[in-house]
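Dear colleague,

I am passing on the structure below, together with some notes on what turned up when I went through it. Please read them with the coordinates open beside you.

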Amino acid sequence: MPTPSEVTTLPSPPAEASSSRASFTSCPPEEERDHNAPRESRIDSPLPTGAETEAEAAESEHTTIQQQQPTPEPEARLGAPESVVESRAYHEKGEHIEDAGIATEAPSTAASSGDAPAESEARPAHSSSDATSPSTEPLYMRFPNERTRLPPHSTSSFLQPGSKFRGTQQSDRQIYDVQVEIKDINMPASSLSGYLRIQGLTDDHPTLTTFFEGEIIGPKHLFKTTHASWGSSEKVDLQHWARFPAWRPLAKSAAAAAAAANKNPTPSSTSSSSSSSSSNFTLKNYQQREHLFMRWKEYFLVPDHRVKTITGASFEGFYYICFNQCSGSVSGIYYHAKSEKYQQLELEHVGDGGCVGAVEFR
Amino acid sequence: MVDTLAAIYHTGSMEALPEVELEAQATALRKLKNEIVGHDQRKERLVCDGVVDMLVGVLSSQHGTTGSRKSDANGPAPPTWSWTQKDEATFVICTLANGGAAFIPPLYAAGVPQVLMDLLAQTTAPRLRTATLQAFWNIVSAWSALREDPGDAASPVRVDVLTKEGIEVLSGILGSTLSDGDHNQQLQLRLIADIVTVSATTEAMKALLCQSPILDQFADFLAAYSIASEHVEYYGDTLRPPPSTPGTVTSMMSAICSIISGSTYRTHRFFLSPTIRDLFTQSWLASSDQRHLFGARHGFASTGEPLLPLLHIPAYGTTTHHYGSRAFPAMAALQNQERRGRSVFATITQGGDVDHVNAVCSWLLLLARSMQGHSRLVALNLLALVNNAIDADSFDVGHRSEYMQKNRERKKQIALLGVPLAAKLVQMASEGRSSGSDRSAQNDDMLVKEQACDVLALLVREFDELQVAAVDAGAIKYICPLLKKSFDPVPLAKPMWSARRTAGNADPTTLSPTRRSGSQGLPPETLHAMRCRQGALQALAALAEKEDVHRKAIVEAGVVPCIFDSLKPFPPGYSTGDRRRGQVIGPKDGSTTAVLLAACRAAKTMARSVSLLRTSLVDAGIAKPIFQLLHHADPRVQLAATDACINLLLEFSPMREDLIAEGVVKTLCSQAKRCGPGGGNGDLRLRVSSLWALKHLMSASPKEIKIKTLEELGTGWLIGVIRGEQQQVREYISAPGGGVSVGLSAPNAAGERVDLLNPQSSGMDVDVDVDEADPLAEDDDEQFGNDEACANDEEGDGEVMFDISSSTHYQASQLRSTLHSHNHPPASPTATHVPVFSSRRYLSSVRAIEQTPALRAQQAEVAVQEQALDFIRNLLNGEDCSSMFDHLLQLIGGARIFDVLTEKLVPVGIDPATGNGSATSSTRPIYGPSALIVSTVNILTHIANALPRHKQLLIAQKPLLKAWLPHFSHPDRMVRVACVWAVNSLTWIDDESDRRDARQRAQELRACGIEGAVRRLLGDEDLDVRERARTGVRQFEQL
């Protein structure tokens, strides 16, 4: 957050956060980006490329078939029963794509042979082999959906409404105690918000709490910072992301993507080739990865948002965040053009034993 | 004037009047009409003098002579004069009703609507028929304005105008127009449609209209219009009415909208109507099904040329941010199961006939594009209703790619072609652009202004993609000025002042009701402002539903104070008497009920943002008016305000303290406990919302508030609610006389129908039972006999749905070709055209889900239980978990608490499909809905995190542990991860003194199989579950 000894007026909420237009152009809905961006420049999966690229190739093939064929699919499939079977298999394969990354990571379900037969019957459908035996999963009563519900989505027990983190922010000169509390998390929108509390920053205010909003890198947000008023650039983005160890495997993919992008006659100089690839660079299947990348930006003070200036503190910059979904640790780097560079934020999750309150917007 | 009246009175006795006198009477009536046209004070005077009774006398006089009319042929000269005279009387009524809402009560009291309907049933004379319809329409439209009035809710005019007989009469007239289509008839059709549009306000009336042939008749006219306009090339031979004028078609579309709004089932009735299905299946000479050409990809290319812009929509991508369906996140894990539909709900889970619905939506888009102004708006309204209904039933479809793809194509098409049209109309309304200076154009502009925002809201509600499209089209920019303008003072057109004190009203109680004019209601100008305000608020509420960016843009536009102002009802003391004294109710004085509802909705969706709760909403002071609305007389307003409160009471909302200080705890508790007679659904909804709000109030609250709230609710009551009316449910199960009722069974996690009553019954014939056993399925469909054609057509085809193969890939024609060879002989010569999709069966499923009382009751019950369990969960959440649990133990007792929790985890039935016929011999238990399991397991997690002695207490509950075990493989990751967390806390060693106990706990868990269950989760598909299981296994090994 803050640079000590700096007197600044707190910014009014940045323009693009309020003007809808700007942020739309900067973060188009996923599917728009999917075909605007060159396919290769998206990272599919850092390691198990085999299955996924193959599956994706199959998928794109499927697309082209659909496009090229003036005759509609139903008719094409009308004929022999075999063709029906074939197309069904085709679809199943297509659907499998999404789970491919998981499947390679997860040991096969066969690893666990059931102790009691009754238990082995009750299993979630992890693999398709499981699902083929119809009478093994537990059944749950179901009612027609209430479409108006907004159930909480979270991908990690450590990142839920109410999750707390504690740690430090370190600059060259000083170390401050920092606490973070997540208030709301909205996975479909790839966003979250919470309070950030810093201690000992100024003498007048032993504790300062700010409200921040975070954007999670994924289908909705790119690695590239697209808010002009945040004062970042692609170069700055890359410099900061590169300081996270978890970025390294991605950097390789980024380089590969850049190489592929170079084959295309893109009007970009060689020096900026890597950054040009990063401009459309995001994560696929990001929710099931060990690390979530985010940007956290503070907006106003808590409790009184109308207080605009605090002597000796500012929160004009923002944090690059790398969150470990398995351990719950947060690393962050504060960035603001006028502040000391690479101030480190290191937070650990405060254990809650998995106790989560029931919170759901109406 | 009084002389004229006297003249009529003089001839008032109807029996055997000489022709001359009748003629004189007719002349007198005409004169009377001419005198009162446009002169409200004269009208009022007339009513006081008893003109209404007299008119009724004239109009109903012919009851006796209908017989003589029948014998016209051999009787004396036809009594044309009496019809002329009735004409004139009808015109007078027309004129009176034109005077506005004040004249409705006396007309009602005299039974004029009924008299007019009777007249309509008797006459075939075009002139009189038109006049009668016109009079009826005038009454109905004034009546509808009165309904919006926030005044006396108990007024007799709240009853419906149309009766079942009345609907039959109207439908009869619609049906008789197959032959000719002159101007008069077009006018009649239009009036009928307008009458239906305005009268279909209550659920009961809508249901009645839906059962009558009238809905299908309107659909017929619409189809005929499309064929005539060459939107569709039609090769079939279904008899259709002659094409109508565009104006009539608009009215009919409005009427359809009115009838179908508010019900998925009714909407399906419309777009699965036989003629509309026929319209798209008969569009080719070729025998194969070509309906996909109507879809977005081919741009409605029925006539060879695409009539809509072609859209390139890439195949379903592999990235999805909704993993699983919205309401049930783990559905992704179940997609394979979902494919095995073999039950009645399979027809629903198949997602319906996607080619047909896409064709209908494209068709409605085409209609909208071919029209202008209000007509276009109505077409878009219809499109919105259809689109919403389609999405409502695709609840279990999961990721079946072809269906998903076509659904996406439809959404995209609406986003690109439909939403911008609606936004454009909002812009027109906002900028006050007029489409012409003549009266009809002005009227058109006014309607657009009132309805454009509403239609936009309806179109984008619940679809984030469409919301984005609307904002991209500038919607917020255009809506906000409309909202602001609705607070401007309006110049009232009518002079309010009268020299004469309203003598007639001096002592109203002495006058008979037919002579007493009623309240004038809100001035039409104010009413117009209210409608605009209501629409704008609805639109803002819809746009603020999902995207924080939209909410912030709305704040930027500076309309949050307007939302605040809209939350104020009209002052309670206001009456129309004031109006005469010069106090006019203007738009600034308050809001009608409809506006209050919309404003609560807007406040609710705007409050879905932590940031706004902490800034603009608290600055605007939104909490206070909402709290006041909790005490509003209208239960709908109470519910809407409670819903908004749910968000305002969240832990991070700075308005929480204010609301607590106002006494929100007491209000919510009493609302939650209040349950109306019969325990209707509405009451339970208020209970759900109140408990929801209280649940939020419990999270991160000081202990005193927790204890106080619990006391206010009462532990006995709370436990009772959580247990649910189990007895009641059992009654439902055994009630419907032996048959299998849909209500007893619910689609389960796998999308299958679960039958709780007849576990032994054959799985295969369950589906067939539904139509017979469902008490709703037949009665009213058959009432008018209009479903028979489609029933004959498609009978038997539905059975294909049982076949396992049918579920893997829904493709109608394909299924047919693979299946009919062995057990389905072609049903009829047209069989090649009839797809496997059975609209009749599908409709009955949609209807069963929407309307089966037992199912609805059970659903409401589950919703209450979920909130009540979560209330306990939040009570235990936080620092004071152990002390709160001690408090509960003290108040409720450990045995009772664990009994209740166990109850929620044990199976509620056995899958009827297992254990018969098929090779599998195992029985699959059926558990309660996922929502309840999630809440229950989370309570267990909290208990496991309390003190060591609480852990010991938990581990000693053998039945509970046994009931818990199966849920370790629950399809929802939230359950699995909560299960593992609880185990991890149980095996955690708090301190050295706890080590021995911890080891013993681990042994217990091992003994009952829970350790094994945790080990199996090491291979879970979800990263989080795997990680937690890894910790769990490590802890087991360390002990």
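How many of the 16 residues of α55(B) are buried? In this predicted model, 12 of them are, so that the helix is mostly covered, and the buried positions include Leu1023(B), Val1033(B) and Phe1036(B). From its first C-alpha to its last, α55(B) reaches 23 Å, which is close to the 22 Å expected at 1.5 Å a residue.

One neighbour of this helix is α52(B), residues 973-986, whose axis comes within 9 Å of that of α55(B), residues 1023-1038, and crosses it at roughly 20°. Because angles under 35 degrees count as roughly parallel, the two helices are described as roughly parallel to each other, and the crossing is left-handed. On the α52(B) side the contact involves, among others, Arg973(B), Val977(B) and Trp981(B), which belong to a set that meets residues of α55(B) including Asp1024(B), Ala1029(B) and Gln1035(B). The residues of this contact divide into 7 nonpolar, 4 polar and 4 charged.

Some backbone details in the loops also deserve a look. Most residues other than glycine have a negative phi, and most peptide bonds are trans. Glu462(B), in the loop between α22 and α23 of chain B, has a positive phi of about 75° and counts as buried at 13% relative accessibility. Ala700(B), in the loop between α36 and α37 of chain B, has a phi near 55°, but counts as exposed at 53% relative accessibility. In chain A, the peptide bond from Val302(A) to Pro303(A) is cis, with omega near 10°, and Pro303(A) is found in the loop between β6 and β7.

With best wishes

Key. Residues numbered from 1 in each chain as written. Chains lettered and ligands numbered in written order. Predicted model: local features only at pLDDT ≥ 70, side-chain atom pairs only at ≥ 80, totals over all residues. Heavy atoms only, no water. Axes fitted to C-alpha atoms, helices over the stretch in contact; angles between N-to-C directions. Helix = DSSP H or I, 4+ residues; strand = E, 2+ residues; numbered from the N terminus. Parallel < 35°, antiparallel > 145°, perpendicular 65-115°, else oblique. Left-handed = near helix turned anticlockwise from the far one by under 90°. Contact = heavy atoms within 4.5 Å. Nonpolar A, V, L, I, M, F, W, Y, C, P; charged D, E, K, R; others polar. Expected span 1.5 Å × (residues − 1). Buried < 20%, exposed > 50% of the residue type's maximum accessible area, 1.4 Å probe, protein only.
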